[in-house]
Amino acid sequence: MSDYLEMMKGVASRMNEGTPHAAALGMKTLSLDRDGAVLFAPYNEKLIGDPETGVIAGGVVTALLDQACGQAVHAAMEEFKVIATLDLRIDYMRPAEPGKDIYAKAFCYKVTRSVAFVRAVAYDADPDDPVAAAQAAFMLNSSGGRRPGANAKTRAAT
Amino acid sequence: MSDLAETVQATLARIPYAQFLGLRIELAGDEMTAILPFGQHLVGNPVLPAIHGGVLGAFMEMTALAQLLVTEGQARQPRVIDVSIEYLRSGRPLTTYARAEIKKVGRRIANVHVEAWQDRRSAPIAALRGHFLVTPTADEG
């Protein structure tokens with residue numbers, strides 16, 4: 001395995017822990033390599049979207065898929081670049097089963113100079129019986145020269 | 001607060017995930033604005049800092065669902081079929097607002113567009129288009 005991928009594995013787990021929203025959902029990266037990224041989020045009653053059925057909110061699946069797609073982009077690159085989601089399309093095939101953890105498996109199938117393209121599925125037991133499928137595009141080197149803390153200023157460049 | 005606003009607010013209060021995000025709504029007549037106050041637990045990029053893209057998607061999804069309750073009245077919570085989310089600007093650590101426009105409601109499917117913004121309505125930070133499976137109140141039973 002390349003040094004970069006080895007480093008990215010560490011970065012990925014720090015990303016999950018150091019990203020407040022990922023940490024709030026309990027996201028963890030199970031694997032990260034040239035075949036993509038596999039992440040999971042544990043079932044949590046606080047994240048129920050339909051109180052009648054106990055099914056987890058679609059938003060949790062959305063956030064997990066976004067995070068998994070982003071990490072798959074990092075795994076497909078040769079060096080670290082700041083990335084940002086351009087668009088994310090999600091098909092919800094069926095409700096997740098109440099009580100089950102959610103997994104997301106993402107694969108970045110094309111990286112160009114400025115854009116990376118990713119496919120992903122979210123599932124609760126079997127990747128071949130997905131809860132949702134996603135297709136996303138990411139912009140590479142998206143920081144546009146913005147420095148850390150740029151967004152915290154009263155008026156950021158738009 | 002109007003009865004309608006109370007009904008929708010009560011529906012949101014029963015959804016744990018809406019509480020987790022901190023989402024609430026305001027109604028001016030039948031025009032609804034969804035409001036997501038900034039919170040540390042919403043951050044996806046702690047360096048800038050920026051709100052998680054998944055949070056913005058989820059927020060707009062919930063806005064569409066709430067708008068369907070407001071406009072159509074639903075026997076059951078609508079189900080999301082698909083969404084397409086466009087990210088236009090990074091979500092800064094500010095309150096985010098969203099409004100939904102129902103483009104079409106058929107007997108089973110609704111098409112909804114949502115736009116989210118922060119300090120300037122004319123500079124949206126994200127947009128969503130989605131299809132939802134609906135169960136209008138009239139069809140109940």
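## Pairing across the two chains

Strand 5 of chain A and strand 5 of chain B, residues 79-87, pair in the antiparallel sense over five bridges. Pairing here requires that DSSP finds at least two bridges between two strands. Strands are DSSP runs of E with at least two residues, helices are runs of H or I with at least four residues, and both are numbered from the N terminus. Within this pairing, I90(A) stands opposite V83(B).

This is a predicted model, in which local features need pLDDT of at least 70 and side-chain atom pairs count only at pLDDT 80 or more, while totals for chains, interfaces and linings use all residues. Residues are numbered from 1 along each chain as its sequence is written, and chains are lettered from A and ligands numbered from 1 in the order in which they are written.

## The side of chain A that touches chain B

In total, 36 residues of chain A are in contact with 37 residues of chain B. Two residues are in contact if their C-beta atoms, placed from the backbone, lie within 7 Å. On the chain A side, helix 2 (20-25), strand 3 (48-50), helix 3 (58-76) and strand 5 (83-92) each supply at least two residues. Strand 5 of chain A gives the most, with nine residues.

By class, this side of chain A has 17 nonpolar, 11 polar and eight charged residues. Ala, Val, Leu, Ile, Met, Phe, Trp, Tyr, Cys and Pro count as nonpolar, Asp, Glu, Lys and Arg as charged, and the others, Gly among them, as polar.

## Chain A overall

Chain A has three helices and eight strands. Read from the N terminus, the order of its elements is α-α-β-β-β-β-α-β-β-β-β. The C-alpha trace of chain A spans about 45 × 40 × 25 Å along its principal axes.

Of the 158 residues in chain A, 43% count as buried. A residue is buried if 20 or more other C-beta atoms lie within 10 Å of its own, exposed if 12 or fewer, and partly exposed in between, with C-beta atoms placed from the backbone. Among contacts in chain A with a separation of 6 or more, 62% are between residues 24 or more positions apart.

Strand 2 of chain A (residues 36-41) runs antiparallel to strand 6 of chain A (residues 102-111), and five bridges join them. In this pairing A41(A) stands opposite I102(A).

Strand 6 of chain A also pairs with strand 7 of chain A (residues 115-123), in the antiparallel sense and over eight bridges. K105(A) has V121(A) in strand 7 as its bridge partner. Strands 6 and 7 of chain A form a hairpin, with three residues between them.

## Chain B overall

Chain B contains three helices and eight strands, and its elements run α-α-β-β-β-β-α-β-β-β-β from the N terminus on. The radius of gyration of chain B is 15 Å, close to the 14 Å that the globule rule gives for 141 residues, so chain B is as compact as a globular protein of that length. Its C-alpha trace spans about 50 × 30 × 25 Å along the principal axes.

Buried residues make up 45% of the 141 residues in chain B. Of the contacts in chain B between residues at least 6 apart in sequence, 63% join residues at least 24 apart.

Side chains alternate along strand 2 of chain B (residues 31-36).

Strand 2 of chain B pairs with strand 1 of chain B (residues 24-28) in the antiparallel sense over five bridges, and I25(B) stands opposite A34(B). The hairpin of these strands has two residues between them, and G29(B) takes a positive phi near 65° in it. Strand 2 of chain B also pairs with strand 6 of chain B (residues 96-105), in the antiparallel sense over three bridges. There, T96(B) is the bridge partner of L36(B).

## T63(B) in helix 3

T63(B) is found in helix 3 of chain B, residues 53-72. T63(B) counts as buried because it has 26 C-beta neighbours inside 10 Å. Leaving aside neighbours within four places in sequence, T63(B) is in contact with A34(B), A98(B), A100(B) and V114(B). The C-alpha atoms of T63(B) and I15(B) are separated by 13 Å, and the two residues are 48 residues apart along the chain.

Notes
The radius of gyration is taken over C-alpha atoms; the globule rule is 2.2 Å times the number of residues to the power 0.38.
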